[in-house]
Amino acid sequence: MSADHTAPTRRSVLAASAAMAALGLTGRQALADVPTITGIMPGPFLPEPLKAPLSGMAGATLQNSPYISPADTLAKLLAPGGESRFDVVISLSDFVRAPLMGAKAGAEHILPLDMSLIPNAKSITPLFQKDITVRDGKTYMIPVVWGYDSVIFNSDKLSPQDPTTQSWKVLFDDRNAGKVAWRDDAQCMILSAALSQGIADPVSMSDSDLNEIGKFLAAKKKNVRTMWSQFGEAVSLMASGEVYAMYGWIPMRAALQKQGLKVTNNWPTDGLLVWSQSGFIPKGSHDVAAAHRIINAMLSPEYGASLMKETNYPTTNSTVPSAFSAEDQHRFGLDVASTGQKTYPMKMPATMDRWLEVWNTVKAG
Amino acid sequence: MAEPTTARSWTAWLLAAPAIAYLTAFTLIPVGLLLTVSFWKSGIYGTTPDFNFGNYVRALAVPLYRDQLIKTIRIALTTTAISFLISYPAALYISGLKGRLKSMLVVLLFLPFWTSFVVRTFLWLPILGRTGLINQSLIWLGLIDQPLEFLLYNEGAVLVGLVYVFTLFMTLPIYLSLDKIDPALHEAANDLGAPPLQAFWRVTLPLSRPGIVSGSIMVFLMSIGSYVTPQLLGGPSGNMYGNVIASQFLANNNWAFGGALSVILIVVVLVGLMITRRWIGTREIFLGGGA
């Protein structure tokens, strides 16, 4: 990476930060005048330092509610009166889409978006255009934040050059017995195991293939130190040296690197698991206009660049990567669409019931 | 004389109202809802009121759920037994003390419970872990060269965690039972020539039985529904029935099947209590010995 390439991008990051800071100041000054709306989304999508700048950009203050999981968000929205509990929501696209859209037109629990109020949606990267939820010509959900799951590993213990390290196979390799952690999640572990075993489209695999993956996982369970379910639990597993490779998330890598550990993530040749989280407005939203402004502001290049710096989570705005050097783009995985990195969307299988049963059988064994 | 009767009736209803409200709000409505949902159907579009027995057929037909339930009952019984073995001597010792030392020990007993359940469970990770307190101490003492792997992430670690977080619920009722025993009874046994062990066996133990039974029931019930402790300490094989139920709600949005599994757990516990009620005297505990 030459200095000539890094200098402008650094400048653009600084410029974005300055713009955010200025907007934040404006936002703080005008806080008393702007409406406050209630939302629910994963905490890292609205980190503390970005709250005021977002208010400044959106002309609305977003009060984010404690987020637990997509299932919990769905339960809150579908509970009696739940549609008016939040004004704006961001949640896992593939998990919430079907239940919130309902079986047929008119059964939606969310409002169609007025796309003229979200001009930044025009910049949504082609990689996630397919996640825009449209029915009868109306747009209901748009991807705002995206990310990927991969293997987080200690590069002092595992060679990044080893082909197994750059594959989901590393989680099932007998050489790593007792030093790996799986995620306690049926969807994630069955997907990653299936990809490692060469199944091209795990979500639509047959029941017999699913059973084979279950047997494979059961056979490899002896190698697993533990299965994590919470962010902090996973980070402390790596930080304490309890394991040196685990199924992991983007902010785990960031958190461990901030602790000074030689930790990075792999780029699975068998398919990086990619997901998006969509923004939408529940039917009972009290301030639909402000909710639109929040979604639009979160899709802005400025917010995207700042969020990347804060949490490493990319937004779906296609112009955000240009604020970073090519080296950083690669390091953060912003270039997955252009480098030929094989990806696989983290979709919900239609037979999730069976997946869960297979997974619970693996755990019970 | 109709008026005083009516007045008495109203007074009785008013006095009963808080209890009725409590039972309605915290037992009848939630359990009734759970029972109702367990006969519904969950699908990709949510849970719909399509009455069916499919969830129960599946829960009973698939060996996974039966095996997990049996394993969970075994872990809950073991936790209860270990908690009793730890709690009884401790409660006996404290109840025999007097003054400030007694107060201090009771406060110390409560001290770890002033913090959250999750934190208390999480604390075992740096104690039992590969780089944890026990392993580091043993290595420092030269007793081992390599960390002991079996201390954490298995069923044993789950038992340690469960006993730790629930043992107070055993110790406290036993302590209260022992503390209520009239010291004159011990003196009488002594005067009548009973050796200490016989006095304990014939006087102390029977009189502390209400505390033992209520403590055992509480520890058993809390252990059988555990979710956090096996999740954090159990590792790849520490799953309990509560985790299977939770996964239906959290990962699959399948409230109906999760509800059916929960109802089965409630029924199994109720049947267990009914079968053993004469032997362990649950009637005496729940109905205050008057019925």
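Leaving aside neighbours within four places in sequence, B:Leu178 is in contact with B:Ala91, B:Leu92, B:Ser95, B:Ser208 and B:Gly211; two residues are in contact if their C-beta atoms, placed from the backbone, lie within 7 Å. This is a predicted model, where local features need pLDDT of at least 70, side-chain atom pairs count only at pLDDT 80 or more, and totals for chains, interfaces and linings use all residues. As for the names, residues are numbered from 1 along each chain as its sequence is written, while chains are lettered from A and ligands numbered from 1 in the order in which they are written.

Back to B:Leu178, which has its place in helix 9 (residues 168-180) of chain B. Helices (H or I, at least four residues) and strands (E, at least two) are DSSP runs, numbered from the N terminus. Is B:Leu178 buried or exposed? With 21 C-beta neighbours inside 10 Å, B:Leu178 counts as buried. The rule is that a residue is buried if 20 or more other C-beta atoms lie within 10 Å of its own, exposed if 12 or fewer, and partly exposed in between, with C-beta atoms placed from the backbone. One of the contacts of B:Leu178, B:Ser95, sits 83 residues away along the chain, yet the two C-alpha atoms are separated by 6.3 Å.

Now zoom out to the rest of chain B. Its secondary structure comes to 17 helices and 2 strands. Take helix 11 (residues 196-207) of chain B: at 1.5 Å a residue, its 12 residues should span 16 Å, and the end C-alpha atoms are 15 Å apart, which agrees. (The expected span is 1.5 Å times one less than the number of residues.) Of those 12 residues the number buried is 0, so helix 11 of chain B lies largely in the open.

For chain B as a whole, buried residues make up 31% of the 291 residues. A compact globule of 291 residues would have a radius of gyration near 19 Å, but chain B has 24 Å. That radius is taken over C-alpha atoms, and the globule rule is 2.2 Å times the number of residues to the power 0.38. Along its principal axes, the C-alpha trace of chain B spans about 85 × 70 × 30 Å. Among contacts in chain B with a separation of 6 or more, 72% are between residues 24 or more positions apart.

Chain A is next, with 12 helices and 11 strands. With 365 residues, a compact globule would have a radius of gyration near 21 Å, and chain A has 21 Å, which agrees. The C-alpha trace of chain A spans about 60 × 55 × 35 Å along its principal axes, and 50% of its 365 residues count as buried.

Chain A is divided into domain 1 (3-145 + 276-332) and domain 2 (147-273 + 343-364), with bounds that come from an automatic or database domain assignment. Their contact takes 8 residues from domain 1 of chain A and 8 residues from domain 2 of chain A. On the domain 1 side, the residues divide into 5 nonpolar, 2 polar and 1 charged. Here Ala, Val, Leu, Ile, Met, Phe, Trp, Tyr, Cys and Pro count as nonpolar, Asp, Glu, Lys and Arg as charged, and the others, Gly among them, as polar. The C-alpha centres of the two domains lie 28 Å apart.

So where do the two chains meet? In total, 26 residues of chain B are in contact with 30 residues of chain A. Helix 3 (63-95), helix 13 (228-233) and helix 14 (241-250) of chain B each supply at least two residues of the side that touches chain A, and helix 14 gives the most, with 4 residues. By class, that side of chain B has 12 nonpolar, 11 polar and 3 charged residues.One residue to look at on the chain A side is A:Ser229, found in the loop between strand 7 (224-228) and helix 7 (231-239) of chain A. Leaving aside neighbours within four places in sequence, A:Ser229 is in contact with A:Asp184 and B:Gln231. A:Ser229 is partly exposed, with 17 other C-beta atoms within 10 Å.

Finally, a word on confidence. The mean pLDDT (the predictor's confidence in each residue, from 0 to 100) is 90 for chain A, and 91% of its residues reach 70 or more. Over residues 1-14 of chain A the pLDDT is below 50. The mean pLDDT of chain B is 90, with 95% of its residues at 70 or more. The model scores ipTM 0.80 and pTM 0.84.
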